[in-house]
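Good morning, and thank you for making time for this item.

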Amino acid sequence: MFPTAAGIGNIASTAMRYVPQLWSPKLLVKFYQTCVIGAISNTDYEGQIKQQGDTVYIRSRPTMTINTYVKGQGLTYETLTSTATSLAIDQGRSWSFVENAVDAKQTDLKNHISEWIDDGSKQLAINIDTAVLGAIYADAHASNRGITAGAISGNIDLGVASGAGVALTASTILTKMVQCAQVLKEQNVPQQTPMWFVLPEWAISLLALSDIKNASLTGDMVSPMRNGKIGQVYRFNVYSSNLLATAAETSGPAATCTYALFGTNDALTFASQLTENESLKNPTDFGMLYRGLQVFGYSVVKPEALGVLFCKEG
């Protein structure tokens, strides 16, 4: 109701109601966090688990011993062994809501159900991304994290939650990303295998302010300062996420640090066994019930292909 001086009549008053209140038929735009699991994982075993069963056992190649050969010397034959990795379908997420028949008839909104279903699907994806990103950093190979990372060099500081995080600035972030690539290459990640890096938004801003703002350094026609696109940096396809896990460092200023992740799609396998969206009559009232379900599992099947940068804004 528009402000009115004392003693002045107001036709918009509750008693007169000469000025109507209008409700927009268009719902307010809602922002969602970006999901990245589909981009950084493989679904190599999803087809097998969709049919039946709750666990896939993934067998690996054995590692043979190479011996020095001397002509005429007898050979020693070894019995090869390897360890299998399992992918368990042991998690589920759902959403559900009810709409009364009277509400459905009287509302002026006619597309709200589809929008609510869309919201439920997006919230479900965000929940799954949060769960996966918040857990897999602990499964990275021991040589791909900590203050002595590097399977060969052992001198790359990637930060550690029990100590201090790595302080990143616009002038140091590219150097640290190259070191992260070195960590993967020291694990013998094939040269042709694409690598990815998931960074928090504050680190993406540092990247945009780093030397890659010079378009000639990235091979792009336009600088990231112009189009806002980071794309590929060194050998990494760069993604941003607000869903990465965080923790306070236990030394220094006790700043909040992020578990930024890097690796290849060989590291993480994800399988969705069942995705259901359905509607049905409400058995106890007039109206409809709407619900959605996703049953899934994930596993770090190649820890050597996953690394963690425990970092903070410097």
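Let us begin with Ile 49, which is buried, because its relative accessible area is 1%, under the 20% cut-off. Please keep in mind that this is a predicted model. Ile 49 belongs to helix H2, residues 46-51. What is Ile 49 in contact with, once its neighbours within four places in sequence are left aside? The partners are Asp 54, Thr 55, Val 56, Ile 89, Ala 271 and Gln 273. Gln 273 deserves a remark: 224 residues separate Ile 49 from Gln 273 in sequence, yet their C-alpha atoms are 6.2 Å apart in space.

I turn now to the sheet. This is an open sheet of three strands in the order E3-E11-E10, and the pairing is antiparallel. Strand E3 (91-100) and strand E10 (268-281) each have a single partner strand and stand at the edges, so one side of each is left without a neighbour in the sheet. On average, neighbouring strands here are turned by 10° against each other, direction ignored. Between E10 and strand E11 (residues 287-300) there are 13 bridges. Ser 279, for instance, stands opposite Tyr 290 in E11. Helix H4, residues 112-133, lies across E3, E10 and E11, and runs at about 160° to E3.

Finally, the surface. Tyr 69, Leu 75 and Tyr 77 make a nonpolar surface patch of about 450 Å². Tyr 69 is located in the loop between strand E1 (55-58) and strand E2 (85-88). Is Tyr 69 buried or exposed? Tyr 69 counts as exposed, because its relative accessibility is 57%.

Definitions and conventions: Residues numbered from 1 in each chain as written. Predicted model: local features only at pLDDT ≥ 70, side-chain atom pairs only at ≥ 80, totals over all residues. Heavy atoms only, no water. Pairing = 2+ DSSP bridges. Helix = DSSP H or I, 4+ residues; strand = E, 2+ residues; numbered from the N terminus. Axes fitted to C-alpha atoms, helices over the stretch in contact; angles between N-to-C directions. Contact = heavy atoms within 4.5 Å. Patch = residues over 30% accessible without salt bridge, like charges linked within 9 Å, V, L, I, M, F, W, Y side chains within 5 Å. Areas by Shrake-Rupley, 256 points an atom, 1.4 Å probe, with all protein chains shown as cover. Salt bridge = Lys/Arg side-chain N within 4 Å of Asp/Glu carboxyl O. Buried < 20%, exposed > 50% of the residue type's maximum accessible area, 1.4 Å probe, protein only.
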